Amino acid sequence: MGFDSLLMCFSGTGAAFEVNAKRLDVEFIGDSNTNGAVDLDNGARVVVFVNGERKLDKIISKSKEVVTIFNEKKPVSGEVEILKVSESTNSLAGISKIILDKEGSIKPAAKKDLKIEFIGDSITCGYGVDDPVKENHFKTSTEDNTKTYAYKTAKALGADYSMVCLSGFGILSGYTNNGRKNTNSLLPKYYEKLGFTWNTTINGINPGNKDWNFHQFVPDFIVINLGTNDNSYVKKDEEKTEEFKSAYKAFLKQIRKNNPDASIVCSLGMMGTDLCKAVEEVVEEYSAETGDNKVTSLRFSNQNMADGIAADWHPSEKTHEKAALVLTSKIKRLL
C-alpha cells in the first residue's frame, strides 16, 4: 500500500468529498490484525456519512474489502465523509479506492475558513460513548469520536479539524493504578507523529515512526484536554503538582514551536476538576514567562450522573454535547 492510499490513524481521520453518482463503493485496507482472527469488538471502526446521514458503521475485518455505500436509481448529490472513529492505539485503516458508476463525478470538499486541532486522551477519542454501562471496559466497537465534544464543536463552528488523542495518555504520566509514574503513555512523545499503536501496523507502516507535516494542516485554534490521566499519579500531592505544571509548560512550548500563530485553549474537568487550578496557573505562568498572550484556560463542569455515564466512567454523549456548547462559546468569544 505504501502512501498511495490514505492512512487513517488518529481518531477522526479520513476523507471528505463532494459526489454526484448513483453508486459509491469504497475499498478499505485493514491493519495487521486483520491477517488473523479479527476481534470485531476491537478492530478499526469506520463510519461513512452522506449529507450528514450515517450510511455505514462497521469494523474493518479484512486486509482489503470493498464496501457499497449507496446504489441508487437516481444520482445522489452532496458531501461524503469517511472517518475512522476508533483510536490508533488499537486500530488502523486505510482508503485505497473510491469507486463511482461511469457517469458519477467527484471533487474535494470545500475547505473551511476555520481550522481546529484537538489534543486529548480517551475523552477526546470517545471512549465507551456507545456503552451506557459504566462498569464495562474498553472496546473500539463502542468508541465513536463523532459523538465527542471535539467533533461536535468543529461541526458547530463549521471548522476543519485534526485530532491527536490516545486513551490513557497524559503529559507527565499516563493512567496508573499503582502510584508509580507511567512514562509509557505520554502524549507529547507522539504529538509530532502520524499516530501511535500498541500492537498493529498497516502494510508494515508504524505511524509512531512517521513524522506529521505541520505545514499540511495549520490550525487557527488548538484545544488541549489533558490532565485526567496525570491526576491518577498526582493525586493532590504538591510536589507532583509542580512537576505536572513543569511538564505542561514544556508541552505548550513544543506545541507553540510547531504552531506559531494558533490560539491555544487549555481545558480540563469533564472527568474531574482536581488539576484544573494547576492548568489555570500553568497558563498564567507560561504567558508571563514567554509573553505569549494567545493561551487561555477553560474549566469544563464535571460529568453529571443524571446525564449518563459511559464505559469505565467516561462521559456520555449528553455530557459531550454540554461541553461542546461551552467550548464553542469560548472559541466564538476568542474569534
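1. What share of the contacts with a separation of 6 or more in the protein chain comes from residues 24 or more positions apart? In this predicted model, such residues account for 78% of those contacts. Several of the points below give individual examples of residues brought together from separate parts of the sequence.

2. Overall fold. The protein chain contains 6 helices and 14 strands. Its radius of gyration is 20 Å, close to the 20 Å given by the globule rule for 335 residues, so the chain is as compact as a globular protein of that length. Along the principal axes, the C-alpha atoms fill a box of roughly 65 × 45 × 40 Å.

3. Burial, surface and charge. Of the 335 residues in the protein chain, 55% are buried. The chain exposes about 14,900 Å², and carbon and sulfur atoms supply 47% of that area. There are 43 positive and 46 negative side chains, and the centres of the two sets lie 3 Å apart.

4. Asp312. This residue is placed in the loop between strand S13 (309-310) and strand S14 (314-315). The phi angle of Asp312 is near 55°, a positive value in a residue other than glycine. Because its relative accessibility is 23%, Asp312 counts as partly exposed; the cut-off for a buried residue is under 20%.

5. Surroundings of Asp312. Neighbours within four places in sequence aside, Asp312 is in contact with Tyr127, Val133, Lys134, Asn136, His137, Phe138 and Met271. With Tyr127 there is also a polar contact of 2.4 Å between the two side chains. Gly128 is 184 residues from Asp312 in sequence, yet the C-alpha atoms of the two are 7.3 Å apart in space.

6. Thr89. The loop between strand S5 (64-84) and strand S6 (93-100) holds Thr89. With a relative accessible area of 2%, Thr89 is buried. Its side chain forms a polar contact of 2.8 Å with the side chain of Glu87. Beyond four places in sequence, Thr89 is in contact with Leu166, Phe169, Phe196, Thr197, Trp198 and Asn199.

7. Thr176. A further loop residue, Thr176, is found between strand S9 (159-165) and strand S10 (221-225). Its relative accessible area is 8%, so Thr176 is buried, the limit being under 20%. A polar atom of the Thr176 side chain lies 2.8 Å from the backbone oxygen of Arg180. Not counting residues up to four places away in sequence, Thr176 touches Asn182, Ser232 and Tyr233.

8. Asn51. Is Asn51 in a helix, a strand or a loop? Asn51 lies in the loop between strand S3 (44-50) and strand S4 (53-60). Phi of Asn51 is near 50°, which is a positive value in a residue other than glycine. At 48% relative accessibility, Asn51 counts as partly exposed, since the exposed class begins over 50%.

9. Lys332. Helix H6 (residues 317-334) contains Lys332. This residue counts as exposed because its relative accessibility is 53%. Lys332 and Leu157 stand 175 residues apart in sequence, while their C-alpha atoms are 8.3 Å apart in space.

10. Points to look for in the structure. A reader may begin with the pair Asp312 and Tyr127, whose side chains are joined by a polar contact of 2.4 Å. The pair Lys332 and Leu157, 8.3 Å apart from C-alpha to C-alpha, may be located next. Thr89, buried at a relative accessible area of 2%, can then be viewed with its contacts, including Phe169 and Trp198.

Methods
Residues numbered from 1 in each chain as written. Predicted model: local features only at pLDDT ≥ 70, side-chain atom pairs only at ≥ 80, totals over all residues. Heavy atoms only, no water. Helix = DSSP H or I, 4+ residues; strand = E, 2+ residues; numbered from the N terminus. Rg over C-alpha atoms; globule rule 2.2 N^0.38 Å. Buried < 20%, exposed > 50% of the residue type's maximum accessible area, 1.4 Å probe, protein only. Contact = heavy atoms within 4.5 Å. Areas by Shrake-Rupley, 256 points an atom, 1.4 Å probe, with all protein chains shown as cover. Lys, Arg positive; Asp, Glu negative; His and termini not counted. Charge placed at Lys NZ, Arg CZ, Asp CG, Glu CD. Polar contact = N/O pair within 3.5 Å; in protein donor to acceptor, adjacent residues only side chain to side chain.
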